[in-house]
Amino acid sequence: MTPSSNRPTYYEELRQKGYSRRDFMKFCTTIAAYMGLQASGVAQVAEALKSNSRVPVIWMHFQECTCCSESFIRSSHPIVADVILDKISLDYTETLMAASGHQAEAAMHKTMEEYPGEYVLCVEGSVPVYEDGVYCCIGGRSAVDILQETAAGAKAIIGWGSCACNGCVQAAKPNPTGATPIHKLVKNKPIIKVPGCPPIGEVMAGVLVHLVTFGRIPELDRIGRPKAFYSKRVHDTCYRRPFYDAGLFVESFDDENAQKGYCLYKVGCRGPMTYNACGVTRWNNGVSFPIQSGHGCIGCSEENFWDNGPFYRRLTNFPGFGIESNADKIGAVAAGVTVAGIAAHAIGTNLRKKKLIDGLVAEGKESDQALS
Amino acid sequence: MATHNLRRVFVWELPVRFYHWINALCIVVLCVTGYIIARPPAFQQGTEASFAYWFGINRFLHFVFSYIFLFNFIFRLYWGFVGNRYADWKNFIPTNRKFFEEMWEVIKIDILLQKDKEHLSIGHNALAGFVYFFVFIAFAIQCLTGFGLYAAMSDWWLPNLFAWVPGLFGGDFDLRQIHHATMWFFIIFSIIHVYLVFYHDYVEGRGETSSIIGGWKFIEEEAFLQEMEEEKKEQEEELREMKIKALEKKQKAKA
């Protein structure tokens with residue numbers, strides 16, 4: 001990213017706000033560690049934040065609960081909130097910007113006009129598409145419209161949270177508003193998916209800093225999530241994993257095993273199917289994460305996690321067979337029917353094929369007699 | 001009482017028999033360990049986690065046997081092109097009308113139990129062959145979903161060939177569901193499979209059960225000769241058709 005004269009660099013903004021160089025280096029070290037960079041990467045991050053002018057950011061809020069923003073501004077290092085997500089840095093975000101009404105819309109359009117192909121579009125929330133998108137309107141325009149307009153000139157799009165990445169709760173069956181993740185609506189732009197409900201603040205900061213430092217989007221997996229944060233299952237990085245391998249499980253939430261902190265696999269923990277950094281980065285400045293607090297992972301960063309219930313059972317309901325039906329129940333019934341069918345067939349065989357069977361027996365006996 | 005003259009026919013070649021029994025062992029081990037993975041029994045309590053690893057071993061067995069299963073399956077697909085006539089892929093995929101006619105006959109005689117009739121086939125009968133076609137598809141589904149789930153845990157290129165599978169389903173949720181539900185297909189298939197082997201042995205008395213050990217089946221002389229005649233007719237017909245085609249070509253060339 002080339003520095004432009006009319007915008008201060010991240011470092012300049014920091015100094016203006018009273019942070020020391022020491023604070024700045026601490027931040028660079030922290031965020032480089034979260035991004036999984038090696039030690040030499042710290043210098044790269046520091047250099048980029050010093051020489052690159054800030055990237056213009058438009059942050060849209062559609063069908064969401066703002067938990068992504070909340071998570072972001074509470075990420076462990078204050079500089080994240082202060083600089084990356086500052087009203088100066090952010091050219092438009094409904095939650096945090098100072099401007100409102102027409103002024104805000106004007107600010108957004110100004111950014112779009114001044115930095116075409118340069119600004120990063122962050123989208124929080126899904127976009128409803130039923131009834132021409134009337135279920136989410138801002139400033140008299142539908143979310144679909146706004147998304148298409150802002151996406152057109154964006155350098156890259158970041159989908160914050162499960163809403164933007166897979167529709168989250170509002171896309172759960174029967175999805176009355178037609179809540180649609182952005183990758184289904186915008187096709188010709190690089191999209192970084194940062195799923196989670198919400199995603200971890202440090203992860204969000206890491207993705208943004210990566211964009212600023214390297215000037216390109218981070219390495220993504222097949223689904224479009226940054227590999228640095230979403231390549232491992234929660235299960236594979238869980239501190240309770242040894243209990244799993246030892247076959248020590250919590251059987252119910254009020255048993256002794258739960259007190260001992262055994263694996264929550266049998267009470268429905270979704271850790272084994274959920275790709276996220278919770279087990280490593282944890283939440284609230286690394287204090288804890290759901291499993292550490294004694295509750296299984298609900299898989300909030302996975303597609304359709306809401307419809308794959310119940311949360312407290314290992315096997316999910318089997319689609320098309322009603323509530324309380326899982327694959328094992330249906331399988332056992334099918335096996336029972338099969339055995340019954342076989343029993344009926346065996347009886348039928350003895351009745352209907354009597355002549356054949358008698359023939360075989362007679363032939364065998366005849367041979368036997370011929371010998372004696 | 002008329003006695004039968006039986007012809008010994010070499011039906012299942014050694015590689016096919018090996019395939020069958022390796023496959024059987026794999027399916028049993030995979031179903032048992034897989035079911036335990038889905039629903040671990042609570043038989044270990046109050047031990048230090050560092051002294052126990054039975055669940056890890058259970059999973060390890062599942063993964064080892066899944067590799068054996070995969071390679072065995074691939075071998076069988078290969079053998080469908082180089083094996084004898086009873087192992088050929090044409091036993092499993094209907095290519096002509098005769099296949100469907102035989103299938104209908106088997107349904108009438110062996111499933112609906114038409115009175116005192118028997119259908120005498122030498123290798124797989126048409127219906128069994130067609131069912132095996134779906135069994136092979138189930139094998140493929142199990143390999144795709146299983147290794148798709150396994151890929152994220154492995155650095156080896158082979159399981160990572162399947163890393164695209166979870167993306168198709170948007171994640172591991174549905175993949176696990178399909179993988180688990182398909183297990184029940186194997187269980188139910190095994191029950192019916194073993195029963196039908198007993199059934200054929202009981203009604204036909206031609207060494208159906210032992211054929212998968214020694215490879216031999218014993219075919220009534222009449223049935224055998226009939227089969228031979230049919231084969232001859234088919235070959236003659238093929239020859240005739242080839243001749244006609246060659247003639248037509250010649251005529252065209254002349255014209």
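**Exercise 1. Find how far apart the C-alpha centres of domain 2 and domain 3 of chain A lie, and say which residues each domain covers.**

Step 1: The C-alpha centres of domain 2 of chain A and domain 3 of chain A are 51 Å apart. Keep in mind that you're looking at a predicted model.

Step 2: Now for the bounds. The domain assignment of chain A puts domain 2 at 232–316 and domain 3 at 330–371, with domain 1 at 10–230.

**Exercise 2. Work out whether A:A370 is buried or exposed.**

Step 1: Locate the residue. A:A370 sits in helix α15 of chain A.

Step 2: Count its neighbours. There are 8 C-beta neighbours inside 10 Å of A:A370.

Step 3: Compare with the cut-off. A residue is exposed if that count is 12 or fewer, so A:A370 counts as exposed.

**Exercise 3. Explain why strand β3 of chain A is described as largely enclosed, and find which strands pair with it.**

Step 1: Check burial. Strand β3 of chain A spans residues 120–124, and five of the five are buried, so the strand is largely enclosed by the rest of the structure.

Step 2: Look at each face. A:V120, A:C122 and A:E124 make up one side, A:L121 and A:V123 the other, and both faces are covered.

Step 3: Look for partners. Strand β1 of chain A (residues 57–61) runs parallel to β3(A), with five bridges joining them. Here A:M60 is opposite A:V123.

Step 4: There's another partner. Strand β7 of chain A (residues 156–160) also pairs with β3(A) in the parallel sense, over five bridges. In that pairing, A:E124 is opposite A:W160.

**Exercise 4. Say where the largest nonpolar core lies, and why.**

Step 1: The core has 90 residues, and A:L121, A:V123 and A:L147 touch the most other members.

Step 2: Find the top contributor. Helix α9 of chain A (residues 201–214) gives the most, with seven residues.

Step 3: Domain 1 and domain 2 of chain A both give residues, so the core lies between them.

Step 4: Zoom in on A:L121. Setting aside neighbours within four places in sequence, A:L121 is in contact with A:I58, A:M60, A:T150, A:A151, A:A154 and A:I157.

Step 5: Apart from the largest one lies a core of five residues, including B:C26 and B:F65.

**Exercise 5. Describe the side of chain A that touches chain B.**

Step 1: Count both sides. 42 residues of chain A are in contact with 43 residues of chain B.

Step 2: Name the helices. α11 (241–245), α14 (327–352) and α15 (354–371) of chain A each supply at least two residues to this side. The largest share, 10 residues, comes from α14(A).

Step 3: Sort by class. You get 18 nonpolar, 10 polar and 14 charged residues on the chain A side.

**Exercise 6. Compare the radius of gyration of chain B with that of a compact globule, then describe its strands.**

Step 1: Compare. A compact globule of 255 residues would come out near 18 Å, but chain B has 24 Å.

Step 2: The C-alpha atoms of chain B fill roughly 80 × 65 × 30 Å along the principal axes.

Step 3: List the elements. Chain B has nine helices and two strands.

Step 4: Pair the strands. β1 (residues 6–10) and β2 of chain B are antiparallel, with five bridges. One bridge partner in β2(B) is B:K217, which goes with B:V9.

Notes: Residues are numbered from 1 along each chain as its sequence is written. Chains are lettered from A and ligands numbered from 1 in the order in which they are written. This is a predicted model: local features need pLDDT of at least 70, side-chain atom pairs count only at pLDDT 80 or more; totals for chains, interfaces and linings use all residues. A nonpolar core is a set of buried Ala, Val, Leu, Ile, Met, Phe, Trp, Tyr and Cys residues joined through C-beta atoms within 7 Å. A residue is buried if 20 or more other C-beta atoms lie within 10 Å of its own, exposed if 12 or fewer, and partly exposed in between; C-beta atoms are placed from the backbone. Helices (H or I, at least four residues) and strands (E, at least two) are DSSP runs, numbered from the N terminus. Domain bounds come from an automatic or database domain assignment. Two residues are in contact if their C-beta atoms, placed from the backbone, lie within 7 Å. Ala, Val, Leu, Ile, Met, Phe, Trp, Tyr, Cys and Pro count as nonpolar, Asp, Glu, Lys and Arg as charged, and the others, Gly among them, as polar. The radius of gyration is taken over C-alpha atoms; the globule rule is 2.2 Å times the number of residues to the power 0.38. Two strands pair if DSSP finds at least two bridges between them.
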